[in-house]
Amino acid sequence: MAERTLCIIKPDAVERNLTGAVLKMVQESGLKVVGIKMLQMSEQQAGGFYAVHKARPFFEDLCRFMCSGPIVVAVLEADNAVKRYRDLMGATNPANAAEGTIRKAYAQNIERNSVHGSDSLENAAIEIAYFFSNLELVG
């Protein structure tokens, strides 16, 4: 059954002009892009998106990083999209990421790990709605 998940190409990857390379990996894996845009988040917007992590020690650094430059947000669709995209992203720490994953190929370190992906269907729905209206999603 087709699912949707959120993909964020983070500021470190956008700054290094890797958007096309990441999207190529996404599409070649069989995930379909049904919505996409580039934007620059404010600290308040980043804080709202990552509110689930507010009590964690890395929260402020994460929010500062996520609004340090433009990001690309995309909605991906496929059977088992959440799991498929998480597998394609690879481990959060690129040192532990498998060959052929986005983070193994492009992440600089655990903080500058190039991409974000929803961790569940429930969170995918919340995260997609944070950035996209239904009018912006096609397919």
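Tutor: UniProt, in an unreviewed entry, places the feature "active site" at His-116. UniProt positions follow the numbering used here, feature names are shortened, and annotations may be inferred rather than shown by experiment. This is a predicted model: local features need pLDDT of at least 70, side-chain atom pairs count only at pLDDT 80 or more, and totals for chains, interfaces and linings use all residues. Residues are numbered from 1 along each chain as its sequence is written, and side-chain values use heavy atoms, with hydrogens and water left out.

His-116 lies in strand E4. Helices (H or I, at least four residues) and strands (E, at least two) are DSSP runs, numbered from the N terminus. His-116 counts as buried because its relative accessibility is 13%. The classes are buried (under 20% relative accessible area), exposed (over 50%) and partly exposed (in between), with a 1.4 Å probe and protein chains only.

Now its surroundings. Beyond four places in sequence, His-116 is in contact with residues including Cys-7, Phe-49, Tyr-85, Met-89, Arg-103 and Glu-127. Contact means heavy atoms within 4.5 Å. With Glu-127, the side chain of His-116 makes a polar contact of 3.1 Å. Such a contact is a pair of N or O atoms within 3.5 Å; within protein, one must be able to donate a hydrogen and the other to accept it, and residues adjacent in sequence count only if both atoms are side-chain atoms.

After H5 comes Gly-90, with a positive phi near 90 degrees.

H5 also carries a charged pair. Asp-87 and Lys-83 form a salt bridge, 2.7 Å from N to O. A salt bridge is a side-chain nitrogen of Lys or Arg within 4 Å of a carboxyl oxygen of Asp or Glu. The two residues are four apart in H5, about one turn of the helix. Asp-87 is partly exposed at 44% relative accessibility, and Lys-83 is exposed at 52%.

A polar atom of the Glu-3 side chain lies 3.1 Å from the backbone nitrogen of Ala-81. Glu-3 is buried yet has no salt bridge; Arg-84, the nearest side chain of opposite charge, is 8.7 Å away. In that count Lys and Arg are positive and Asp and Glu negative, while His and the chain ends are left out.

The whole structure holds six salt bridges. One of them joins Glu-136 and Lys-37, with the closest N and O atoms 3.0 Å apart. Glu-136 lies in the segment after H7 and Lys-37 in strand E2 (residues 32-39), so the pair ties together parts that are 99 residues apart in sequence.

An unreviewed UniProt annotation, "domain: Nucleoside diphosphate kinase-like", covers residues 2-139. The end C-alpha atoms of that span lie 11 Å apart, and the span is 40% helix and 20% strand.
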